[in-house]
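Dear colleague,

I am passing on the structure we spoke about, and my notes on it follow directly below the display. Please read them with the coordinates open.

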Amino acid sequence: MTEKKILLIVCDGLSDRPAKEFDMKTPLQAARKPAMDALARHGMNGVMDVIAPGVVPGSDTAHLALFGYDPYKVYTGRGPIEAAGAGIAVLKGDVAFRCNFATVDKSMKIKDRRAGRIKAGTSELAQALTGMSIDGVTAVFKEGSEHRAVLVLKGAGLDHRVSDVDPHNDGKIRQSTPLAPKAKKTADVLNEFVRRSFDILSDHPVNKDRVKKGLPPANIVLPRGAGSINELEPMGVRIGMKCAAVAGVTLVKGICRLVGMDVPDVQGATGGLDTDYKAKAEAALGLLKTNDFVFVNVKAGDVASHDGDFRMKVRVVESIDMMLGMILKDLPDHVIVALTCDHSTPVSIKEHSADPVPLAISGGGGRVDGVKDFDEISAATGALGRIRGTDLMPIMLGMADRAKKFGS
Ligand code: ZN
Ligand code: ZN
C-alpha cells in the first residue's frame with residue numbers, strides 16, 4: 001500500500017450566497033472554472049461547517065480547524081499568530097501581542113491610533129524597544145506593515161490572560177489588568193513595557209524628525225490580543241507527514257508557522273488581488289516533491305468580498321481556477337487534492353458568515369460521487385454530506401491510506 005501525499009487548497013472567503021443582481025447565482029456559480037469542476041466531477045463533494053453550525057469563523061480559527069486542531073482548545077488570541085507571521089519564534093510559555101504604533105499626548109490620551117499610518121522608520125523604532133528586560137522577562141518586539149507590530153514576552157511565570165492596553169478608541173491608554181490571579185506578573189511587565197516605550201520612543205531621532213515635519217510621532221505602542229500556544233503539538237508530528245505551505249498573507253503564514261509547517265516566501269504571493277497565481281502553482285508543485293502535505297491559501301476572494309465587488313470575485317474564481325489547472329496538469333501520481341474555503345464571505349454583507357463552505361476531494365483511486373460542479377449548492381448533494389472543519393484532516397488521511405487502524 002502506497003501512502004499518498006495530500007494537497008489542500010483553501011480559497012479564502014470564496015464561498016458566498018446567491019446575488020439578486022446576478023441571476024441568483026453565487027460568484028462560484030457565475031464563473032467559468034473548468035479545473036474546479038473537473039476536480040468535483042472526479043472526486044467526492046460535500047459542505048463543511050468549518051468551526052460548527054452557526055459559528056462565524058475568523059480566518060485564524062478556521063485554518064486551525066482545517067489543520068485538525070480544535071480551535072476552542074488551542075486558540076487563545078491572535079497575538080501568537082501575528083508574531084509567528086512576522087518571523088518571531090513563539091514558544092510554549094511565551095505571551096504574544098499584536099501592537100499598533102500610536103501617538104499619545106503627555107496625559108496618555110490617544111491622538112492618532114496609527115501614528116499617521118507611519119511607513120518609514122518603524123524598523124529603527126522597533127530596534128530601540130526589542131531586547132528590553134523587565135523583571136526577568138525579555139521583550140522581543142518587531143515591526144509589521146505600516147503602523148503594525150508584534151510583541152512577544154519571554155520568561156518564567158507568564159500567562160496570557162491579561163486585558164488590552166489598547167483602548168480600541170481615542171480615549172486614554174489603559175493599564176493592563178490580570179484576568180486570572182496567575183497573570184498579575186504579565187500585566188505588570190506589559191504595563192512597564194508600554195511606559196518605557198513612551199520614554200524611549202519620545203526621544204528617538206525618527207520621531208524627532210517626524211515632529212519637525214509636522215507628522216504625528218509614533219511615541220507609544222498599544223498591545224492587544226494576548227495569546228499563548230501552550231497546547232499546540234506540531235502538525236508534522238500529529239499526522240506523521242512533512243508539511244509545507246504556500247501563503248501570502250501574514251495571518252495565514254503565521255498559523256502555518258505556529259503549527260510547524262515550512263513556509264517559504266514565494267515571490268509575488270502577496271495575499272492581495274494582485275497575487276501571482278502562476279508563482280503559487282509552481283511553488284505548490286515544487287514543495288510536493290520534498291513534502292508529504294502541502295497547503296495553499298489564496299486570499300483574494302475574501303478581499304473582493306470585503307470590498308463588496310461581485311464581478312471582481314468572479315474574476316478571482318477564474319484566476320484560482322487557472323492556478324488549479326496548472327497544478328492538476330503537472331500533478332504527480334498518488335496525491336489527494338482537497339479544494340475548499342475557510343469560511344463564506346458573502347459579497348452582499350462584506351463580512352464573514354456562518355454559511356457552510358463547499359468541499360471537493362479527489363485522487364488516489366478514491367470514490368466518485370455524482371456532483372459535476374464546484375459550488376455551494378452542488379456540493380451539498382455530494383457523498384461527503386455536511387461535515388465539520390475538524391473532520392477534514394481525518395478524511396484526507398483516510399483517503400491517503402495514512403489513517404491508523406482502530407482495533408485489530
Ligand atoms: Zn479567511
Ligand atoms: Zn475576511
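Contact, as the word is used in these notes, means heavy atoms within 4.5 Å. Please also keep in mind that this is a predicted model.

Thr122 belongs to helix H6, which covers residues 122-129, and with a relative accessibility of 6% it counts as buried, because buried means under 20% relative accessible area.

As for the overall architecture, the chain has 15 helices and 13 strands. Its radius of gyration is 23 Å, close to the 22 Å that the globule rule gives for 408 residues, so the chain is as compact as a globular protein of that length. Along the principal axes, the C-alpha atoms fill a box of roughly 65 × 55 × 35 Å. Of the 408 residues in the chain, 55% are buried, and among the contacts with a separation of 6 or more, 73% are between residues 24 or more positions apart.

The chain is divided into domain 1, made up of 5-75 + 232-399, and domain 2, which is 82-227. The contact between them takes six residues from domain 1 and six residues from domain 2, and the centres of the two domains, taken over C-alpha atoms, are separated by 34 Å.

Several elements and residues deserve a look of their own. In helix H3 (residues 59-66), eight of the eight residues are buried, so this helix is largely enclosed by the rest of the structure; its buried residues include Asp60 and His63. Gly68, which follows H3, has a positive phi, near 95°.

Thr340 sits in strand S11, residues 335-340, and counts as buried at 0% relative accessibility. Not counting residues up to four places away in sequence, Thr340 touches Leu8, Ile9, Val10, Cys11, Met48, Val357, Pro358, Leu359, Phe374 and Leu392.

Thr138, in strand S6 (residues 137-143), is partly exposed, with a relative accessibility of 34%. Residues up to four places away in sequence again set aside, Thr138 touches Gly131, Met132, Val152, Leu153 and Lys154. Between the C-alpha atoms of Thr138 and Thr270 there are 32 Å in space, and the two are 132 residues apart in sequence.

Asp23, in the loop between strand S1 (5-11) and helix H1 (27-30), has a positive phi, near 65°, and counts as exposed at 62% relative accessibility. His334, in the loop between helix H13 (310-329) and S11, likewise has a positive phi, about 60°, and is partly exposed, with a relative accessible area of 44%.

With best regards

How values were computed
Residues numbered from 1 in each chain as written. Chains lettered and ligands numbered in written order. Predicted model: local features only at pLDDT ≥ 70, side-chain atom pairs only at ≥ 80, totals over all residues. Heavy atoms only, no water. Helix = DSSP H or I, 4+ residues; strand = E, 2+ residues; numbered from the N terminus. Rg over C-alpha atoms; globule rule 2.2 N^0.38 Å. Buried < 20%, exposed > 50% of the residue type's maximum accessible area, 1.4 Å probe, protein only. Domains from an automatic or database assignment.
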